[in-house]
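Please keep the sequence and the model in view while reading.

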Amino acid sequence: MQSSAVFSLSPSLPLLKPRRLSLRHHSLTTASSSSSSSDLNISPNVVSIPSLSRRSWRLASSDSPLRAWSGVPSSISHSLDTNRFKTAATAVPESAEEGDNSGKLTKILELGLLFAMWYLFNIYFNIYNKQVLKALHAPMTVTLVQFAVGSVLITIMWVLNLYKRPKISGAQLAAILPLAVVHTLGNLFTNMSLGKVSVSFTHTIKAMEPFFSVLLSAMFLGETPTPWVLGAIVPIVGGVALASISEVSFNWAGFSSAMASNLTNQSRNVLSKKVMVKKDDSLDNITLFSIITLMSLVLMAPVTFFTEGIKFTPSYIQSAGVNVQQIYTKSLIAALCFHAYQQVSYMILARVSPVTHSVGNCVKRVVVIVSSVIFFKTPVSPVNAFGTGIALAGVFLYSRVKGIKPKPKTA
């Protein structure tokens with residue numbers, strides 16, 4: 001009878017949760033203290049109880065009250081686990097954000113350093129170049145030296161694989177040749193102007209470049225200027241005219257050379273848009289500038305030899321009463337700065353938008369004018385300063401509005 005009573009309780013055992021531990025205790029004590037036949041009859045049911053015990057242990061391994069043995073209540077432990085997960089989840093974006101911020105700061109510092117180098121090289125180029133041209137008026141020879149030094153640097157750069165040497169086809173050389181011609185003339189006319197008038201006045205006249213850019217683009221590219229661009233051209237022309245009237249060092253040779261420099265430099269930009277077609281194998285700006293420099297050296301060498309070939313020899317320089325070593329040193333520094341500021345300019349253009357580069361170029365012209373006035377102690381009248389300021393303000397305005405497109409006309 002006892003055995004049957006136990007069997008009758010066994011099916012209902014999973015429903016009697018409060019009695020589970022007591023039955024387990026009873027079965028264990030009975031198995032250990034008795035060896036009668038009645039105990040042997042119970043043994044099949046005793047085997048089923050440990051299975052329930054194992055089942056209850058698996059439940060306890062989750063969120064059962066047995067987790068209190070860890071020393072921390074389950075609710076608090078769950079909260080700690082959740083907070084730990086949230087902390088780990090938010091730590092990744094914060095570290096990523098810190099990495100982005102440090103990367104942005106590095107790029108800003110790098111760009112600021114490039115702008116500083118651009119302005120510094122330009123200042124030194126104009127100062128040393130002016131000193132050489134003032135002591136010995138040989139603009140063709142000075143221009144040739146600048147192209148020669150640049151060509152040597154480019155060759156070293158390609159030989160040492162500091163920059164990838166391009167593979168140029170004959171068709172590409174034919175397309176680049178007009179650009180090299182106007183590039184050569186533009187630099188030659190600039191040096192001719194610097195030899196005749198002050199640095200500040202040359203750069204004031206060169207502020208007229210936007211005027212020639214708009215004119216040539218309309219003539220050869222069919223680009224119609226917007227009203228904003230035309231409005232910006234007005235103060236440029238007016239400011240240059242006002243500065244020219246009051247310029248102490250004014251002469252027509254220097255003025256005309258600077259204007260010719262504007263015309264040729266902007267012709268180069270128009271030709272680059274019209275001739276150079278963008279393809280997958282198109283040249284980047286630095287490579288294009290390097291090839292143009294080499295071609296300009298080839299173009300300038302024979303012309304300079306037959307016109308000013310003897311003017312840069314030591315005997316001729318000594319006969320002119322000029323220190324040979326100083327002339328050579330300053331010419332070398334000017335040529336290095338000339339090539340360096342051109343390269344840095346293209347490096348900046350690869351990192352910023354054309355509008356930002358134009359604004360930076362406008363600021364560069366202001367820096368060069370002010371530094372040359374201070375260094376050479378150039379006399380500047382109030383009218384001249386006012387005209388220069390108006391012209392530069394117009395250049396700045398032009399750089400800001402030239403990217404504005406007119407609204408499309410609605411039907």
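Leaving aside its neighbours within four places in sequence, Arg400 is in contact (heavy atoms within 4.5 Å) with Val355 and Val359. Arg400 itself is found in helix H15, where helices (H or I, at least four residues) and strands (E, at least two) are DSSP runs numbered from the N terminus. The C-alpha atoms of Arg400 and Ser358 are separated by 8.3 Å, although these residues lie 42 residues apart along the chain.

This is a predicted model, in which local features need pLDDT of at least 70 and side-chain atom pairs count only at pLDDT 80 or more, whereas totals for chains, interfaces and linings use all residues. Residues are numbered from 1 along each chain as its sequence is written, and side-chain values use heavy atoms, with hydrogens and water left out.

Two packed helices are described by the angle between their axes and the distance between the axes. Helix H15 (residues 382-401) packs with helix H9 (residues 227-245) at an angle of about 160°, the axes being 7 Å apart; axes are lines fitted to C-alpha atoms, for helices over the stretch in contact, and angles run from 0 to 180 degrees between N-to-C directions. H9 and H15 are therefore roughly antiparallel to each other, given that angles under 35 degrees count as roughly parallel, over 145 as roughly antiparallel, 65 to 115 as roughly perpendicular and the rest as oblique. Their crossing is left-handed, the term for a near helix turned anticlockwise from the far one by less than a right angle, with right-handed used if the turn is clockwise. Among the residues that meet here are Trp228, Ile236 and Gly239 in H9 and Phe386, Gly394 and Tyr398 in H15. The residues of this contact divide into 17 nonpolar, five polar and no charged, where Ala, Val, Leu, Ile, Met, Phe, Trp, Tyr, Cys and Pro count as nonpolar, Asp, Glu, Lys and Arg as charged, and the others, Gly among them, as polar.

The contact of H5 with H13 comprises ten nonpolar, five polar and no charged residues.

H5 also packs with helix H6 (residues 170-196), at an angle of about 130° and with the axes 9 Å apart. H5 and H6 are therefore oblique to each other, and the crossing of H5 and H6 is right-handed. Pro139, Val142 and Gln146 of H5 are among the residues making this contact, as are His183, Asn187 and Met192 of H6. By class, the contact of H5 with H6 has six nonpolar, six polar and no charged residues.

Which helices each supply at least two residues of the lining of the largest cavity? They are helix H4 (74-135), H5 and H13. The lining consists of Asn129, Val132, Val142, Val145, Gln146, Ser331, Ala334 and Ala335, which divide into five nonpolar, three polar and no charged.

Notes
1 Å grid on protein atoms, 1.4 Å probe; cavity = no way out; pocket = protein on both sides within 12 Å on 5 of 7 lines; lining within 4 Å.
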